[in-house]
Amino acid sequence: MAITSIKTGSSFTNLQKYNDFLGPNAPFIPTDFESIATLTASGGETSLTFSSIPSTYKHLQLRILAKDTTNNTDDAGYSLRFNGISTTVYDFHRLKSDGSTASANGTVNQSSMSFTYGAVASGAAAASMFGVGIIDIHDYTDTSKNKTVRALVGSNINSTGTSTGIALNSGLWRSTAAISSITFLPNLTAFAAGSTFSLYGIKG
Amino acid sequence: MPSSRQLIASQVLTSTTASITFSAIPGTFKDLVIRISARTDRSATSDSIKMTINSDNTTIYSFTRLRGDGTSATSNRNTGNTYVSVENTDGNTATSNTFDSTEIYIPSYLSTANKSISSVIMREDNSTAATTYNSVQAHLYRNTSAITSLSFAPSNGPNFVSGSSFYLYGLAS
């Protein structure tokens, strides 16, 4: 039955007129950037793993807030391992700055790829301080390519010391296997409560 | 309005190719992002990527670069370039099956201002020699025209190898 008129009454007060069919709703905008999963540490985890990563995307991106439970004041980074492989097929290189000096280094033939400055240490940082990082992995299902990882990470604890900093990290997993799982390992002790690891898929 | 990332076009090479072009880029987005995983057939461990905007190869490109070569951090800049210089990618003698990881960000590609561009590129290698580059770069294209095409070619190459991939995304605002 068609509605031909609405009269003011107890059920129809304070009506808002809209000029389009969306009304008060935000428009839907399709995106090729989708959330896959998020892991949040409860505290004390010595590893966190994204498993059964779908192969339906072209690229992966990880967005991270991380903290280590260690009580010392050293830089507390983290490491990545793919598909549970712990043989010495990982290389990594860094361009970094500790707030005082810029430098670069590289290490090869490791059992994981380590990203410095990705996490802060509980012994140095206040309760609500975390390191931040964005990690990109292109063509993660391409079985003709080793996997090159790009990571921009950094940390600041409101200090002029040099135990935190910023780093442009790269990593190479010398394997052409598709990535189906990603494991994060704390470089010092364990992940502190509230550390958050979010995995996104990017379509192509 | 929520931001959104949408694929505009992609090219994944199935044979060696001298250059690729994204043409007729729609004017419906706010920013552009290009994600590249490339390797060239240059007989060396490294090469560079040239990005040309709107087929314009006049000397109105410039850059400032911060990079690490695996042993030290350096910075340089240059003016009067004829393309956006993104370095370094992997050459043909780098570790086999290894491709760079690059992202180029072009904000406000339709604006009537000159175009400021950022890029981050990682050239990985199973080596501790001073030849493996992590680089972040600021580029300037001194032209106020909207960007409608982007072309990519190796600086030396002469070709990108099979498997090199190029993805162009548009970001809505």
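Q: How do the residues of the lining of the largest pocket divide into nonpolar, polar and charged?
A: Rolling a probe the size of a water molecule over the atoms shows where empty space is left. This is a predicted model. The lining of its largest pocket has 7 nonpolar, 2 polar and 5 charged residues.

Q: What volume does the largest pocket have, and which residues are closest to its centre?
A: The volume is about 320 Å³. In all, 14 residues line the largest pocket. Closest to its centre are A:Ile134, A:Asp136, A:Arg150, A:Leu152 and B:Glu103.

Q: Which elements give two or more residues to that lining?
A: From chain A, strand 3 (59–68), strand 8 (131–138) and strand 9 (147–154) do. From chain B, strand 8 (101–106) and strand 9 (115–122) do. Strand 8 of chain B gives the largest share, 3 residues.

Q: How many cavities of 30 Å³ or more does the structure hold?
A: There are 2. The largest cavity has a volume of about 50 Å³. The second largest cavity holds about 30 Å³ of space.

Q: Which residues line the largest cavity?
A: Chain A supplies A:His138, A:Lys145, A:Asn146, A:Lys147 and A:Thr148. Chain B supplies B:Ser37, B:Phe99, B:Asp100 and B:Ser101. By class, that lining has 1 nonpolar, 5 polar and 3 charged residues.

Q: What lines the second largest cavity?
A: Its lining residues are A:Thr73, A:Asp74, A:Asp75, A:Ala76, A:Val120, A:Ala121, A:Ala124, A:Ile157, A:Ser163 and A:Thr164. They divide into 5 nonpolar, 3 polar and 2 charged.

Technical notes. Residues are numbered from 1 along each chain as its sequence is written. Chains are lettered from A and ligands numbered from 1 in the order in which they are written. This is a predicted model: local features need pLDDT of at least 70, side-chain atom pairs count only at pLDDT 80 or more; totals for chains, interfaces and linings use all residues. Side-chain values use heavy atoms; hydrogens and water are left out. On a 1 Å grid over the protein atoms alone, a cavity is a set of points where a 1.4 Å probe fits but cannot get out, and a pocket is an open set with protein on both sides within 12 Å along at least five of seven lines; lining residues have an atom within 4 Å of a point. Grid points are joined across faces, edges and corners, and a volume is the space filled by probe spheres set on the points. Helices (H or I, at least four residues) and strands (E, at least two) are DSSP runs, numbered from the N terminus. Ala, Val, Leu, Ile, Met, Phe, Trp, Tyr, Cys and Pro count as nonpolar, Asp, Glu, Lys and Arg as charged, and the others, Gly among them, as polar.
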